[in-house]
Amino acid sequence: MPVPPMDENTRLPLDKVELQGGTRLEPRQTSPNRLLVQREGTSFSGGLRLGTNHSIEPLTSTSHGGNVYQVSRKLGTSPHQLLDFSASINPLGLSRAAKRRLIESVDLVHHYPDSEALELKSALARYYAVPAGQILIGRGTTELLYHLARALRPQRVLLVVPLFGEFLVALASTKAEIESECLSEARGFALDIARIEQRLTAKKFDLCVVANPNNPTGELIHQKAIDRLFSVAEERQTDLLVDEAFIDFVPGASAVNRLHENQRLLILRSLTKFFGMPGCRVGCLLAHPSRMAELSSGREPWLVDTLAQVTAIASLEDQHYQAATAALVSRERGYLMEGLQAISWLKPYPSVANFILMRILDPMVSAEQLTARLLADRILIRNCSTFGGLDSRFVRVAVRTREENDKLLAALENAWS
Ligand SMILES: Cc1ncc(COP(=O)(O)O)c(C=O)c1O
């Protein structure tokens, strides 16, 4: 039987690559440094280049946290009986005002949604302090990044990994040639701007994707590095896509105020995490006014449902909820971090977001084993071995309420006793 190609870092066979819903990617090595991936049973295909520090790692990053329905079906329990630390969602849940508005608006489903989502656009414009004309609304950032891949059709892409796995799948589906740059654990996963500059200068890339703050590392890109990245992208005429899905947890850190001066800058924002509404799909893409015609073409009508629109508007207007969220996450992140640091076989990494990445120091325990062990206590954590650039010893946990964090800490402390 032929031996499948192996991931350079994890030494995992690439046929272990799994997509949401259990679909597998079928990698095929077509030349010593090129790999073709194909989603089974579909026409999906894309090229990936292999080699030092820009190999196939992103290929392995296509599974997700928060699979409460799948997991509960498997365990024969209800999703409500699970404690989900695998998806990093606001532990307060939906804003109370948003919940009220959602319930009151239920009869609106009798009409088609406002296809232009004008009221939502105004609410987003106020919240981001950006003109409404620079906002493209979508059904979550995932839908938008797939749209972006089709609208821009970049031929050569640099992904800074570890990164949300759908970027790779979306870009590979338009046959982009994808390379990656790994954030190094030895540097605390800080962006090595000199290295990125070198990569963008050595070769022409049409698109570079970074996340700020990065998920799952929780690292924020320093302002100086961001400025340098903007200049290099501008000089090299490379579009720079910044995924700011978690930036609401870091007040004042967003690059939206730089959009007017930078035609190459594209920003993705999500309402999923901070506003606790992953089941109500709303996200947006922000760009320079000169890019909006290109980015808006080919959009379907009625992309965002009425109930998602009204929920988003009420959430964006609820400043009390936003302040309470920021305070809770900041306090509980510190508490959880302290608790995790006290567990000798774990090494948690500092985070600015509502999740914490950890390395398992015990050589006898893998991320898969720890995830399975906690599942026996009905606790879900994110096995990060599927993220490109990380290995089978990394897990990520969300920051939740004090009571829930205590349950997680107790389960970890007692995991092997
Ligand atoms: C870093 C990052 N970006 C984007 C997304 C997509 O978010 P959504 O499609 O719910 O807006 C996720 C989801 O997990 C994520 O972790």
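In what order do the 4 strands of the open sheet lie, and is their pairing parallel or antiparallel? The order is 12-13-16-15, and the pairing is antiparallel. Two strands are taken to pair if DSSP finds at least two bridges between them.

## Basis of the model

This is a predicted model, in which local features need pLDDT of at least 70 and side-chain atom pairs count only at pLDDT 80 or more, while totals for chains, interfaces and linings use all residues. Residues are numbered from 1 along each chain as its sequence is written.

## Overall composition

The protein contains 12 helices and 16 strands. These elements are DSSP runs numbered from the N terminus, with helices (H or I) of at least four residues and strands (E) of at least two. Of the 417 residues in the protein, 46% are buried. A residue is called buried if 20 or more other C-beta atoms lie within 10 Å of its own, exposed if 12 or fewer do, and partly exposed in between, with C-beta atoms placed from the backbone.

Among contacts with a separation of 6 or more, 68% join residues 24 or more positions apart. A contact requires the C-beta atoms of two residues, placed from the backbone, to lie within 7 Å.

## The nonpolar core

The largest nonpolar core has 108 residues, and Leu 159, Val 209 and Leu 285 have the most contacts inside it. Because domain 1 (47-57 + 113-317) and domain 2 (68-94 + 320-413) both contribute residues, this core lies between them. A nonpolar core is a set of buried Ala, Val, Leu, Ile, Met, Phe, Trp, Tyr and Cys residues joined through C-beta atoms within 7 Å. The domain bounds come from an automatic or database domain assignment. In soluble globular proteins, nonpolar side chains tend to be buried together.

## The open sheet

Strand 12 runs antiparallel to strand 13 (residues 355-360), and 3 bridges join the two. Leu 346 has Ile 360 of strand 13 as its bridge partner. Strands of a sheet pair through backbone hydrogen bonds, either parallel or antiparallel.

Helix 4 is mostly covered, with 10 of its 13 residues buried; among them are Gly 140, Glu 143, His 147 and Leu 152. The buried residues of helix 4 pack against several elements, including strand 5 (135-138), helix 5 (166-173), strand 8 (207-211) and strand 11 (283-287).

Arg 153 counts as partly exposed because it has 13 C-beta neighbours inside 10 Å.

## Strands 6 and 7 with helix 5

Strand 6 (residues 156-161) and strand 7 pair in the parallel sense over 6 bridges, and Val 157 stands opposite Ile 178 in strand 7. Together with helix 5, these strands make a right-handed β-α-β unit. The crossover is right-handed if, with the strands pointing away from the viewer, the path from the first strand over the helix to the second runs clockwise. Strand 7 is mostly covered, as 5 of its 6 residues are buried.

The loop between helix 5 and strand 7 (177-182) holds Thr 174, and Lys 175 is found there also. With 19 C-beta neighbours inside 10 Å, Thr 174 counts as partly exposed. Leaving aside neighbours within four places in sequence, Thr 174 is in contact with Ala 149, Arg 150 and Arg 153. Thr 174 and Arg 150 are 24 residues apart in sequence and 6.5 Å apart in space, C-alpha to C-alpha. Lys 175, although not a glycine, has a positive phi of about 65 degrees; it is partly exposed, with 15 other C-beta atoms within 10 Å.

## Cis peptide bonds

The peptide bond from Asn 212 to Pro 213 is cis, with omega near -5 degrees. A cis peptide bond joins Asn 215 and Pro 216 as well, with omega about 20 degrees. Pro 213 is placed in the loop between strand 8 and helix 7 (223-236), and Pro 216 is found in the loop between strand 8 and helix 7 too.
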